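Please open the structure in your viewer and keep the selection panel at hand.

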Amino acid sequence: MVAILSTQFSKALELIEPSVDDKANAPEAHKAVRAALTSADELKEWGLNPVLIGSYKRAVSIRRITDVDVFCRMDDIGDDVAGDTVLDQFYKVLDAVFSVDDDDEPRVKRQARSVTIDFPEYDGLHVDAVPARKRSDGYWEIPTRDGGWQTTNPEKQTALKTAMNDAFADDYVPLVKLVRQTRRTILGKRPGGLFAELALYDACVNNQVSKKNLTLGYVTALEAIADYLDDKVSWGKELPDHTMPGRTLSFRATDNQWETARDKFRAAATTARQAYVEEDSGKAAVKFRELLGENGDDDVVFPMPPGYNEDGVKEASASAALITPGSSRVPAGDRRFG
């Protein structure tokens, strides 16, 4: 017997889903930034054509949405224009439109690779406008920290997500959200949610993640990510970039942060496996609750099964209920299947 707890996982997914306000605010912020950029005479000669990218675009965001990525494709920009020059021009345009908030604080910040626009009216949401120029091989380039350009292909990740979700009978997107929520619970800032998502994707490509049910998929996903991190720390294994075959991914994290991630994900994988094989649903739920923590609204994500207290102990009324041989009524609550 194993603990599937499908009803509890469904509820957990509801509680980490972005809120109604987040889903309304994100596209409005995107539209405002897009309008400011596409209407600017200073940028017209570059053939600006912005599109959404990132976790919001891929529908794998978790509560709360705090950032929206706008990929500012420039179809007509010359090869001789430096990344610094583009960022400076983007900042000038956006700062003229958004300027300061009601407290006279700057809303626009020039970053190393993008320009960030704060939307205090949307409860802390910000938009990252990322300039991008087309390469002859069909990929794109974005500014680097030293003023140059770096190759990327983010729109392809959306297509890969859709195909993988089909392969997992619509369970891949929920798995990404559960893994992202777990990473947020057990780790600090880095490596971030994108790392967790792409490590999961690679594990799915390599058939390391079970398709039997969502719960086992979640357990095997954490185990696969922990295995990768073991190799990452031990001998520097890199994740392949499936959007650009032959290339590898790069994430911002220190050696100490990678070591912490290895230890935390291994512990999480062990806890998840223990929960899955636990015969008592209450004890299993306590372990899954530990891994999924609280959402962006500070609500506990994983609910207890019916008939169990918040500490995972079966309630007295449920414990007293007896199953009589031949009876058509049995106590509810385990949600366990072999």
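A salt bridge is here a side-chain nitrogen of Lys or Arg within 4 Å of a carboxyl oxygen of Asp or Glu. The model is predicted, so local features need pLDDT of at least 70 and side-chain atom pairs count only at pLDDT 80 or more, while totals for chains, interfaces and linings use all residues. Residues are numbered from 1 along each chain as its sequence is written, and side-chain values use heavy atoms, with hydrogens and water left out.

Select R266 and D227 to begin. Their salt bridge has its closest N and O atoms 2.7 Å apart. The pair links distant parts of the chain, with R266 in helix 9 (residues 255-277) and D227 in helix 8 (residues 214-235), 39 residues apart; helices are DSSP runs (H or I, at least four residues), as are strands (E, at least two), numbered from the N terminus.

Next, select E197 with R58 and R180. R58 forms a salt bridge with E197, at 2.8 Å between the closest N and O atoms. R58 lies in the loop between helix 3 (54-57) and strand 3 (67-74) and E197 in helix 7 (residues 193-205), so the pair ties together parts 139 residues apart in sequence. R180 also meets E197 in a salt bridge (2.8 Å, N to O). Is E197 buried or exposed? At 1% relative accessibility, E197 counts as buried, where buried means under 20% relative accessible area, exposed over 50% and partly exposed in between (1.4 Å probe, protein chains only).

Finally, select R133, R135, D137 and E141, which are linked in a network of salt bridges.
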